[in-house]
Amino acid sequence: MMTININETEVLKLARERIAELVKEVDLEYVYWDSEELMKRTCMSWNTIQNNFFFDPRFIKAKLGGKWYFPVQETREFLRQWLFEHLKKGEM
């Protein structure tokens, strides 16, 4: 019979690091989001997005044909900043 000792803390650390790497790889695949992806990523409805930040001049967007597109990196940065601003104001 063989006994194997596993350092659970180290295994969890390695698993978290690998998951973070995979998430980063998946996120790098996107150059832009469409409105469906924006709603999914923010957990907000289209009306809520429009009522809260869509018309903010800092929010970069482009309409091609009848569809809206949002550059991923800039959108993430804007959403973080927008959220922190509203948290500081106590609006949420």
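## Aspartate 56

Aspartate 56 is buried, at a relative accessible area of 18% (buried means under 20%, exposed over 50%, partly exposed in between, with a 1.4 Å probe and protein chains only). This residue sits in the loop between helix H3 and strand E2 (62-64). Helices (H or I, at least four residues) and strands (E, at least two) are DSSP runs, numbered from the N terminus. Beyond its neighbours within four places in sequence, aspartate 56 contacts Lys61 and Phe78 (contact means heavy atoms within 4.5 Å).

## Basis of the values

This is a predicted model: local features need pLDDT of at least 70, side-chain atom pairs need 80 or more, and totals for chains, interfaces and linings use all residues. Residues are numbered from 1 along each chain as its sequence is written, and side-chain values use heavy atoms, without hydrogens or water.

## The nonpolar core

The largest nonpolar core has 12 residues, among them Trp33, Ile49, Phe78 and Trp82. Such a core is a set of buried Ala, Val, Leu, Ile, Met, Phe, Trp, Tyr and Cys residues joined through side-chain atoms within 4.5 Å. Helices H3 (46-54) and H4 (72-89) each give two or more residues to it. H4 gives the most, with four.

Look at isoleucine 49. Leaving out residues up to four places away in sequence, isoleucine 49 touches Leu38, Met39, Thr42, Met44 and Phe54.

## The whole chain

The chain has four helices and three strands. Their order along the sequence is α-β-α-α-β-β-α. Buried residues make up 21% of the 92 residues. The C-alpha trace spans about 65 × 35 × 20 Å along its principal axes.
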